[in-house]
Structures are given as structure tokens and as C-alpha cells.
Amino acid sequence: MVRNAKTLLLACMLGLILGTGAQAAGNKQKLKSAVGIQASAEKAAAASQKKIDSVADKTEQMLTEYKLTMRQYDALKGYNDQVARLVESQNEELAGIDKELLEIDTTNQGVIPLMERMVDTLEKFVALDVPFLQEERNKRIEELKALLDRADVTVSEKYRRIMEAYQVEMEYGRTIEAYTADITTNGKKRSVDFLRIGRMTLMYQTLDKKETAVWDNKKRAWQVLGEEYRKPAMLGLRIARKQAPPDLIKLPVSAPEKAQ
């Protein structure tokens, strides 16, 4: 009877020990699971923070680019408004010229001095304008001067050629162009690549890409630019030559002047 009681007591103690061990093992497994969940949560939080930082950086970059684009838009809008006023003024002047042509008598005594004034005005404009394609433009003016002195050319043909020259000058303000020509700076003559964007920007870059400069029409002088404009100028030349698609590039633009 006593032996049976001892056996029963040992069985109870063994069951208690086994139960306690099983419970400890279960708690250990729960702890591991909790630690794993915490590690996963921290990893996910780190990944989320990395994405947030990346989005914040991209947002800041986009904001900077937007501000730059808006500044360029304001400059271009001011220039376009000025050009629009200039074109309107020129149209009014041309309308006045057409009226004068209609009113002159058949002897054409009044039209010859008028055309001479037009050529003289065009020559002064080219001299004061941004100095691009100077040889070509000056040659066109010299040909007009010679044309006015020719008796074998009709008055209507002379007028047509003069108006054609005016039209060419107007087109320069709406086009982008790249060409190679000689330039003399500091008493040194060399070949450079020119980039013209309308009449807003005229730049040159040496053939070795080491020097980039922009024309300051107020000072009537070339201004050498910093290294940050070397690659944009190269891209601008490629776009002008249709070797690259149109793109937004950072180039110096002259501030529009107040119309007189």
C-alpha cells in the first residue's frame, strides 16, 4: 500500500516536471516568434524610411527643377512680349511703307530714297544686334546696296529683295542654330563652335571643349563661363545640329530689356 502511494507520488512529480518543461518550451517558442516579429517590423520600418527618404530627395530635386523652369519661363515670356511689341512696331512701319509706295507717282522719285533708308536701317540693326553670322549678314546688306544702283533691275524687284532680307532677320529670332566659324579674342584667331538660340543667347565653345563663353550685348563683349556650362553647351550644340532630341538645358539668358 505504501509502495503504491510512493509510485503515485513519483508519477505526479514526473508529470509536473514534464508539464513545466513543456510550458517552458512553449514560452521559449513564443519568445522566438515575438523576437522574429519585432525584427521583421524593424526591417520593414527601415525599408519604409529608405523609401520616404528617396521620395523626399526626388521631391526636392523636382522642386528645384520646377523653380528653374519657372525662372526661365519668366525670362522667355518677357523676351517674347518684347519681341511681340517689336514685331507689332515693325508691322506698323511696314504698313506705313506700303502706304507710301501706293502714294508715290509713276516717276518713282520717292521710292528710291525710301529703299535706301530701309537698307541703311537694316545695316544699323545688324551692327547693334548679337554678332552671329556677321559675314553672311553683312554680305547680304552690301548686295542690297549694289542692287539699288543697278538700272537693269526694276523697282519692284529691289523692294522685294529688301523685304526678303528683313524677313530673314526676323526668322533669326525664332530659330536655333549651330555653326563653326573663326573668332578673334585677345588678339588670337581660332575656330570655335557657335550656338545661337534666337536672339536671346549666343555662345561659343572651343573645339577642344575647354572654353565656353557667352556674348554680353550690353557690354558688347564675350564673357567666359564657368565649367558648369561646358556640358549644357555641348548638349545645346547637339540639339541644334539635330544630333539629340530637344531637352531642357541650363544656359545663360540675357534679361529682356524694357521696350522704349
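1. Basis of the note. This is a predicted model, in which local features need pLDDT of at least 70 and side-chain atom pairs count only at pLDDT 80 or more, while totals for chains, interfaces and linings use all residues. Residues are numbered from 1 along each chain as its sequence is written, and side-chain values use heavy atoms, with hydrogens and water left out.

2. Overall make-up. The protein has 5 helices and 5 strands, where helices (H or I, at least four residues) and strands (E, at least two) are DSSP runs numbered from the N terminus. Read from the N terminus, the order of the elements is α-α-α-α-β-β-β-β-β-α.

3. Of the 260 residues, 25% are buried; buried means under 20% relative accessible area, exposed over 50%, and partly exposed in between, with a 1.4 Å probe and protein chains only. Among contacts (heavy atoms within 4.5 Å) with a separation of 6 or more, 46% join residues 24 or more positions apart. The accessible surface is about 18400 Å², and 58% of that surface belongs to carbon and sulfur atoms; these areas come from the Shrake-Rupley method with a 1.4 Å probe, and for residues only the protein chains shown count as cover.

4. The second largest pocket. This pocket holds about 530 Å³ of space, and of its 24 lining residues, L76, I176, I197, M200 and I249 are the closest to its centre. A pocket here is an open set of points, on a 1 Å grid over the protein atoms alone, where a 1.4 Å probe fits, with protein on both sides within 12 Å along at least five of seven lines, and lining residues have an atom within 4 Å of a point. Grid points are joined across faces, edges and corners, and the volume is the space filled by probe spheres set on the points.

5. What lines that pocket. Both α1 (2-103) and α5 (230-240) supply at least two residues each, and α1 gives the largest share, with 7 residues. By type, the lining divides into 13 nonpolar, 8 polar and 3 charged residues, where Ala, Val, Leu, Ile, Met, Phe, Trp, Tyr, Cys and Pro count as nonpolar, Asp, Glu, Lys and Arg as charged, and the others, Gly among them, as polar.

6. Two threonines of β3. T201 lies in strand β3 (residues 201-206) and counts as buried because its relative accessibility is 3%. Its side chain reaches the backbone oxygen of P252 at 2.8 Å, and, leaving aside residues up to four places away in sequence, T201 touches L195, R196, V214, P252 and V253. T206 is also in strand β3 and is buried at 7% relative accessibility; with the residues up to four places away again left out, T206 touches R190, V192 and E211. The C-alpha atoms of T206 and F194, which are 12 residues apart in sequence, lie 8.8 Å apart.

7. Two residues with positive phi. Most residues other than glycine have a negative phi, which makes the following pair worth a look. L133, in the loop between α2 (111-128) and α3 (134-148), has a positive phi of about 45° although it is not a glycine, and N186, in the loop between β1 (176-185) and β2 (188-197), has a positive phi near 55°. Which of the terms buried or exposed applies to L133, and which to N186? L133 is buried, because its relative accessible area is 14%, whereas N186 is exposed, with a relative accessible area of 84%. Not counting residues up to four places away in sequence, L133 touches Y172, E177 and Y179, and its C-alpha atom is 9.8 Å from that of R196, 63 residues away in sequence.

8. R238 is placed in helix α5 and counts as partly exposed because its relative accessibility is 42%. Beyond the residues up to four places away in sequence, R238 touches Q243 and A244.

Conventions
Polar contact = N/O pair within 3.5 Å; in protein donor to acceptor, adjacent residues only side chain to side chain.
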